[in-house]
Amino acid sequence: MNRKEVFNRPIMKKAMEILKLVDGLNAFLEKSEIDENSPLRFQLDMITENAMIIPAKISGAEAGDLYDIRMENAAIIRKAAREISVTVGYLDLGRMKENDYTDLIRSEIENFKLLFREWVKSFDVWNYVVDDWGLFNPPGIEPEEEE
């Protein structure tokens, strides 16, 4: 799949929307002159990093096309999206409830989750290389035992 096709996929468009919202959250909070060593700065950096991981891993999954590679990328995407939701939740605990960005980001993560489920269902289970770790093999496929 070429780059243009990847960026036209609904899951990628949603990932890019999430990244833009996270950029907006950062811009909003930069106005409050956050100390570089504050826990808030650390949380914002984590959210930003995870928002950047998602589109990169979607691209990697689409380029790899093998089931095990796609599933590995999907697991990383899921982890990043969940961490965004949790960390945004921490921001709501006392600091930012007046800001709509946190609610918007969580809402878009929920929308992303629906697209993600459909995307993963589209993976060709039988286009694989055996994962010798045994984690991302299609159902019923086991790695060969080493002698």
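Predicted model: local features only at pLDDT ≥ 70, side-chain atom pairs only at ≥ 80, totals over all residues.
Start with helix α2, residues 10-30, and helix α5, residues 101-121: they pack with their axes 9 Å apart, at an angle of about 165 degrees. Angles over 145 degrees count as roughly antiparallel, so that is how α2 runs relative to α5. Their crossing is left-handed.

Who meets whom here? On the α2 side the contact includes P10, I11, K14, I18, L21 and F28, while the residues from α5 include Y101, L104, E108, F112 and W119. Sorted by class, the α2 contact with α5 has 16 nonpolar residues, plus two polar and three charged ones.

**Two residues to look up**

Next, find N137 in the segment after α5, and E83 in helix α4, which covers residues 67-92. Is each of them buried or exposed? The table shows how they come out.

| Residue | Relative accessibility | Counts as |
|---|---|---|
| N137 | 10% | buried |
| E83 | 27% | partly exposed |

The cut-off explains the label for N137: buried means under 20% relative accessible area, and N137 has 10%, so it counts as buried.

What does N137 touch? Setting aside neighbours within four places in sequence, N137 is in contact with Y67, V129, V130, D131, E142 and P143. With D131 there is something specific to spot: the N137 side chain reaches the backbone nitrogen of D131 at 2.6 Å.

As for E83, look across to I47: these two are 36 residues apart along the chain, and their C-alpha atoms are separated by 7.4 Å.

How values were computed: Residues numbered from 1 in each chain as written. Heavy atoms only, no water. Axes fitted to C-alpha atoms, helices over the stretch in contact; angles between N-to-C directions. Helix = DSSP H or I, 4+ residues; strand = E, 2+ residues; numbered from the N terminus. Parallel < 35°, antiparallel > 145°, perpendicular 65-115°, else oblique. Left-handed = near helix turned anticlockwise from the far one by under 90°. Contact = heavy atoms within 4.5 Å. Nonpolar A, V, L, I, M, F, W, Y, C, P; charged D, E, K, R; others polar. Buried < 20%, exposed > 50% of the residue type's maximum accessible area, 1.4 Å probe, protein only. Polar contact = N/O pair within 3.5 Å; in protein donor to acceptor, adjacent residues only side chain to side chain.
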